[in-house]
Amino acid sequence: MSGLRHLDPQSQIATFGAGTPGPQVESQLKAAGYTLGHFPQSWELATIGGWVASRSSGQQSLRYGRIEQLFAGGHIETPVGSLEIPTVPASSAGPDIREMILGSEGRMGILTDVKVRVTPLPGQEDFHVAFFPDWDSATAALRALAQQKIPLSMMRLGNARETWSQLRLAGHAGAIALLEKYLGLRGVRAEKCMFTFGLTGSRAFCKAAMKLSRPIIRAHGGVDTGTLLGRKWQESRFLAPYLRHALWENGYAVDTVETAVDWNRVNPTLAAMESALSHALDDEGEKVHAYTHLSHLYPQGSSVYTTCVFRCADSYAATLARWQKLKGAASRQIVAQGGTISHQHGVGADHAPYLAAEKGALGIAAIGSLCRQFDPSGIMNPGKLIQDRT
C-alpha cells in the first residue's frame, strides 16, 4: 500500500498506495515533473491515505487546495464489500461519495488506493515576511488579500504574542535586535504581527502576484522584509513538532487547538480561546503561555490556531489532567463561538464530544447511519469521529 501506482499526465491524476508517506509522494512526483503540493506540518510522517481520512490541510492550501480539492477518487475495502470511487472532474449525480470518505477516520473502511489531482512543478517559489504595526491593520490586510483573491500560495499571520515568541525562539539576538530597530523606524513596534506569505508559479506569475499584494500590504502599514526570514521559515517548516520533546525534557508540555470561523467572529474566537487557555490552570496557581496565528485564509473567514505551553506536573497522570483542563476549556469556547471543532486536525476521540454542536442531532444520526451501512458490526476504528452507543 505504498508508492506511486500510476500517473496520467494528460488528466494530471496520480494513483498512490494509501500508505505512502509525504516525502515519498513528493519525490516520486518530482521525478516526473509534478507535485501534489500538500504540506501539512506532519508531512514527514503522515500518509496520503491519512490525509484523506482526517481531511487535512496543507500549508500552501491557497494554491493547491485542501485535501478535499486534491482527492479525486480511489479504492476502499469495507466490511461489507469493496467501494470504487471513479475519477470525474465534477458531477451533479446526487451526493458525492468522495465526501463520505473524506474525514471518515477509518469508520467506513480502509483506503487502499488514493487518486489525487497533481500539478506541474512551479518554476519559482518564494516566501516573504512582512510585519504589520498591530493586529487590526494586519487582519484588515489579510482579509483584503483573501477577498480580492490575490493569487498567493500561502498566508500565515501571527498575533503579537506569537510574533514575540517566534522571534525569541529564532535565536540570533543581535540580528533580531537590528530587525526590531529597523521596524521601529518604520512605525512597527511592540504590537507588531509577523506575516509570512508565499509566491508560487512561473516567474511572471510570482511577479504579478507580488505586484498585486504589495499595495495592499503597504496600505495597511505593512513592512516587507524580503525573503531572508521566509527562507528560514521554509527550512524549518516541519521542525516545530520536534520542539515538544525538548520542552518535555525541560519540564514543559505544549499542545495546539484550532478552529475556523467567519471573519466577523475571528477576533472574539481568538480572544476567547486564548483567555480560556491562559486561565484554565488558575486553580493550581499555574501560568499558561498561549498565542495564536491564522494559517488558512478564505474570503469568508479564517482558521484560528492557538498554541499553549504549560508546566508538567509531578506525575504523568497529573500532567494529563492539566492537559484535559486546557483542552476542555478551549473546546468549549470554540463551540460557544460557533466555530468548527477542527479545521485541520480531525475529530478522533478528543473532539468527538463537541461534534454534535456543529453537526446537530440529525447530522450526527446521518453520520452514524453511514458508519453502520459500511460497518454493521462496528469493528472499524470504534470510538472515533462519533461517540458510539454501547
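User: How many salt bridges does a search of the whole structure find?
Analyst: This is a predicted model, and a search of the whole structure finds 16 salt bridges.

User: Which residue meets D113 in a salt bridge?
Analyst: The side chain of D113 meets that of R5, with a distance of 3.0 Å from N to O. The pair links distant parts of the chain, since D113 lies in strand β6 (residues 110-117) and R5 in strand β1 (residues 4-8), 108 residues apart.

User: Is R5 buried, exposed or partly exposed?
Analyst: R5 has a relative accessibility of 45%, so it counts as partly exposed. That class covers values between 20% and 50%.

User: What about K192, which residue does it form a salt bridge with?
Analyst: K192 forms a salt bridge with E180, and their closest N and O atoms are 3.0 Å apart. E180 belongs to helix α8, whereas K192 sits in the loop between α8 (173-185) and β10 (193-201); the two are 12 residues apart.

User: And is K192 buried or exposed?
Analyst: K192 counts as buried because its relative accessibility is 9%, and buried means under 20%.

User: Which residue does E286 meet in a salt bridge?
Analyst: The side chain of E286 meets that of R311, at 2.7 Å from N to O. E286 is in the loop between α12 (266-279) and β13 (288-294), and R311 is in strand β14 (residues 301-311), 25 residues apart. E286 is buried, with a relative accessible area of 8%, while R311 is partly exposed at 43%.

User: Which residues are joined with E286 into one network?
Analyst: Salt bridges with shared partners connect E286 to D283, E284, R311, R322 and K325 in one network.

User: Changing topic: how many cavities of 30 Å³ or more are there?
Analyst: The count comes to 2 cavities of 30 Å³ or more.

User: What lines the largest cavity?
Analyst: Its lining consists of D255, T256, V257, L277, C308, W323, L326 and K327. Two or more of these residues come from each of β12 (252-262) and α13 (316-336). By class, the lining of the largest cavity has 5 nonpolar, 1 polar and 2 charged residues.

User: And which residues line the second largest cavity?
Analyst: V257, E258, K327, A330, S331, I334, I341 and H351 line the second largest cavity. Here too, β12 and α13 are the elements that give two or more residues. α13 gives the most, with 4 residues. The classes are 4 nonpolar, 2 polar and 2 charged.

User: What volume does the second largest pocket have?
Analyst: The second largest pocket has a volume of about 840 Å³. Its lining has 42 residues, and the closest to its centre are R55, R66, E68, S342 and H343.

User: Which element gives the largest share of that lining?
Analyst: The largest share of the lining of the second largest pocket comes from α14, with 6 residues. By class, the lining of this pocket divides into 22 nonpolar, 12 polar and 8 charged residues.

User: Last topic, the surface: which residues form a nonpolar patch?
Analyst: L45, L239 and Y242 form a nonpolar patch on the surface, with about 340 Å² of accessible area together. Y242 is found in helix α11 (residues 240-249).

How values were computed. Residues numbered from 1 in each chain as written. Predicted model: local features only at pLDDT ≥ 70, side-chain atom pairs only at ≥ 80, totals over all residues. Heavy atoms only, no water. Patch = residues over 30% accessible without salt bridge, like charges linked within 9 Å, V, L, I, M, F, W, Y side chains within 5 Å. Areas by Shrake-Rupley, 256 points an atom, 1.4 Å probe, with all protein chains shown as cover. Salt bridge = Lys/Arg side-chain N within 4 Å of Asp/Glu carboxyl O. 1 Å grid on protein atoms, 1.4 Å probe; cavity = no way out; pocket = protein on both sides within 12 Å on 5 of 7 lines; lining within 4 Å. Points joined across faces, edges and corners; volume = space filled by probe spheres on them. Nonpolar A, V, L, I, M, F, W, Y, C, P; charged D, E, K, R; others polar. Buried < 20%, exposed > 50% of the residue type's maximum accessible area, 1.4 Å probe, protein only.
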